[in-house]
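Student: Please pick one residue in this model and look closely at what surrounds it.

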Amino acid sequence: MIDESKVILLVEDNVDDVALTMRAFKRSHLMNPVVVARDGVEALDFLFARGAHANRAGAPLPTLAILDLKLPRLDGLGVLKALRADARTAMLPTVILTSSREEQDIVSGYKLGANSYVRKPVDFTEFVEAVKVLGIYWLALNQSPPGSASS
């Protein structure tokens, strides 16, 4: 399943988790373009076409943001708060994909507007299945809000 217009923003600082996620996408036949941001500030710079990503001004938003919570410079909850506070990104589908099992992280994620909260399975086979289900739902089945980049 490939749709060049449906870009995924993966916000993850752990290189092993990035590699694992990319491998899971490939094994699940999710060949959508993936942009990786290594911290929360880089993610916001990409989304809002600032700094090193200023050349993106006017470019469509990703179809989906997959967000880890434990990030350098600005954590995932800070990213989510900034996304929901800006009209351009307020409705961007955002899935928290994290190893955190803290109840407060789950509550905070949903209060700040996460569309979904998924714990990273430790087992690779389970991880691949989780990524496959996420991809199928958010990239193929989910109906995007009117006027969004992916509608």
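Tutor: Leaving aside residues up to four places away in sequence, Asp-68 touches Val-11, Glu-12, Asp-13, Gly-76, Leu-97, Thr-98 and Lys-120 (contact means heavy atoms within 4.5 Å). This is a predicted model, in which local features need pLDDT of at least 70, side-chain atom pairs count only at pLDDT 80 or more, and totals for chains, interfaces and linings use all residues. Residues are numbered from 1 along each chain as its sequence is written, and side-chain values use heavy atoms, with hydrogens and water left out.

Asp-68 sits in the loop between S3 and H3 (helices, H or I, have at least four residues and strands, E, at least two; both are DSSP runs numbered from the N terminus). Asp-68 is buried, as its relative accessible area is 5% (buried is under 20%, with a 1.4 Å probe and protein chains only). An unreviewed UniProt entry lists Asp-68 for "modified residue: 4-aspartylphosphate"; such annotations may be inferred rather than shown by experiment.

Leu-97, one of the residues touching Asp-68, also lines the largest cavity, along with Ile-8, Thr-21, Phe-25, Leu-64, Ile-66, Val-131, Leu-134 and Gly-135 (a cavity is a set of points on a 1 Å grid where a 1.4 Å probe fits but cannot get out, and lining residues have an atom within 4 Å of a point). H5 supplies the largest share of this lining, three residues, while helix H1 (15-27) and strand S3 (64-67) each supply at least two.

Confidence is highest in helix H3 (residues 76-85), with a mean pLDDT of 98, and lowest in helix H5 (residues 124-141), at 86 (pLDDT is the predictor's confidence in each residue, from 0 to 100). The chain averages 90, and 93% of its residues score at least 70.

Terms used. 1 Å grid on protein atoms, 1.4 Å probe; cavity = no way out; pocket = protein on both sides within 12 Å on 5 of 7 lines; lining within 4 Å. Buried < 20%, exposed > 50% of the residue type's maximum accessible area, 1.4 Å probe, protein only.
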